[in-house]
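Dear colleague,

I am passing on the structure we spoke about, and below it you will find my notes on what turned up when I went through it.

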Amino acid sequence: KHTNTTAQPRRISSPTSLSLSTTQIMSSKHQKGPDLKRFMDKKLKLSLNGNRKVTGQLRGYDAFLNVVLEDAVTETTGGATENIGTIVIRGNSIIQFESVDRIYTS
């Protein structure tokens, strides 16, 4: 008796997941990952999930929007700041980018 061991494709039930998959497929035809070149070595303020905010200089990024910030500072709940140095932030937790430095476009 032979059983079919090929995996059946899973159906995506959430419209959000479908939209995200379509976006990822479309963006892979044009470019790999986000275009953050113009933000390199600029000071950015990132809003993260959990109502966290981090400010620092962008030193690197990848296709998944994981970023490396240097001289990073985090805001605590009371409004105080804490220096946390060089950090890597997973792109999945980033809600918003805000440029603190002026960005020149050519």
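Asp-41 counts as partly exposed, because its relative accessibility of 42% falls between the 20% and 50% limits of that class. Please bear in mind throughout that this is a predicted model.

Asp-41 forms a salt bridge with Arg-59, in which the closest N and O atoms are 2.5 Å apart. This pair links distant parts of the chain, since Asp-41 sits in the loop between α1 (15-30) and β1 while Arg-59 belongs to strand β2, 18 residues apart. Arg-59 is itself partly exposed, at 34% relative accessible area, and it also forms a salt bridge with Glu-70, with the closest N and O atoms 2.8 Å apart. Glu-70 lies in strand β3, eleven residues from Arg-59, and through these shared partners Asp-41, Arg-59 and Glu-70 are joined into one network.

The search of the whole structure finds three salt bridges, and one of them pairs Glu-75 with Lys-45, the closest N and O atoms being 3.4 Å apart; here strand β3 is linked with strand β1, across 30 residues.

Leaving aside neighbours within four places in sequence, Leu-69 is in contact with residues including Leu-46, Val-54, Leu-58 and Ile-89.

Ile-84, in strand β4, is by contrast partly exposed, with a relative accessible area of 34%.

Technical notes
Residues numbered from 1 in each chain as written. Predicted model: local features only at pLDDT ≥ 70, side-chain atom pairs only at ≥ 80, totals over all residues. Heavy atoms only, no water. Contact = heavy atoms within 4.5 Å. Helix = DSSP H or I, 4+ residues; strand = E, 2+ residues; numbered from the N terminus. Buried < 20%, exposed > 50% of the residue type's maximum accessible area, 1.4 Å probe, protein only. Salt bridge = Lys/Arg side-chain N within 4 Å of Asp/Glu carboxyl O.
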